[in-house]
Amino acid sequence: MPHARADGTLAFVTQPSYSLTTSLDGMTPEQLHGFFVDWPNPPTPDTFLRLLRGSYRVVLAVQDGQVIGFVQAVSDGVLTAYIPLLEVLPEWQGRGVGRALMTRMQEELRHLYAVDLGCDDHLVPYYEGLGMRRGTLMFTRKYARQDGAPTG
């Protein structure tokens, strides 16, 4: 659908072929395949769904019933939140899906004092472009627990 720009030229705006949702209603593990690329011990789709259900907020990008991207936040709901995961399926990367997910998540968390995330150095400019600032993050990892499987 064309629209007129301020300079009088026409621009064609295409709507994304996916939708964003914050609801997990009706979500099944079958809709959650293809994520955690290059993880040596990734969560199963069943565990992935448990992870999403346990989150404070989630935003999903969905196309034809399949999740193509997601971002999740954990929070105390009062002052702070942490965004541990943002992922877009490889075939959808570079098409603005991640930016749309993060923008929507920032809206969902706008009532909080602090929203933090950790990222690799090469991703710092991406997050700075979303209004975030560089900081220092300390962490531990137990890679044997990376799949999130229940323990007995």
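I began with Trp 92, which counts as buried because its relative accessible area is 10%, where buried means under 20%, exposed over 50% and partly exposed in between, with a 1.4 Å probe and protein chains only. The model is predicted, so I kept in mind that local features need pLDDT of at least 70 and side-chain atom pairs pLDDT 80 or more, while totals for chains, interfaces and linings use all residues. Residues are numbered from 1 along each chain as its sequence is written, and side-chain values use heavy atoms, with hydrogens and water left out.

I then looked for ring pairs and found 8 aromatic pairs in the whole structure (Phe, Tyr and the six-membered ring of Trp, centres within 6.5 Å; planes under 30 degrees apart are stacked, over 60 edge-to-face, the rest tilted). Tyr 18 and Trp 92 form an edge-to-face pair, because their ring centres lie 6.1 Å apart and their planes stand at 85 degrees.

I noted that the charged end of Arg 95 sits over the ring of Trp 92, 4.1 Å from its centre (CZ of Arg or NZ of Lys within 6 Å of the centre and within 35 degrees of the ring normal).

Lastly I recorded a cluster in which ring pairs link Phe 35, Phe 36, Trp 39, Phe 48 and Phe 70.
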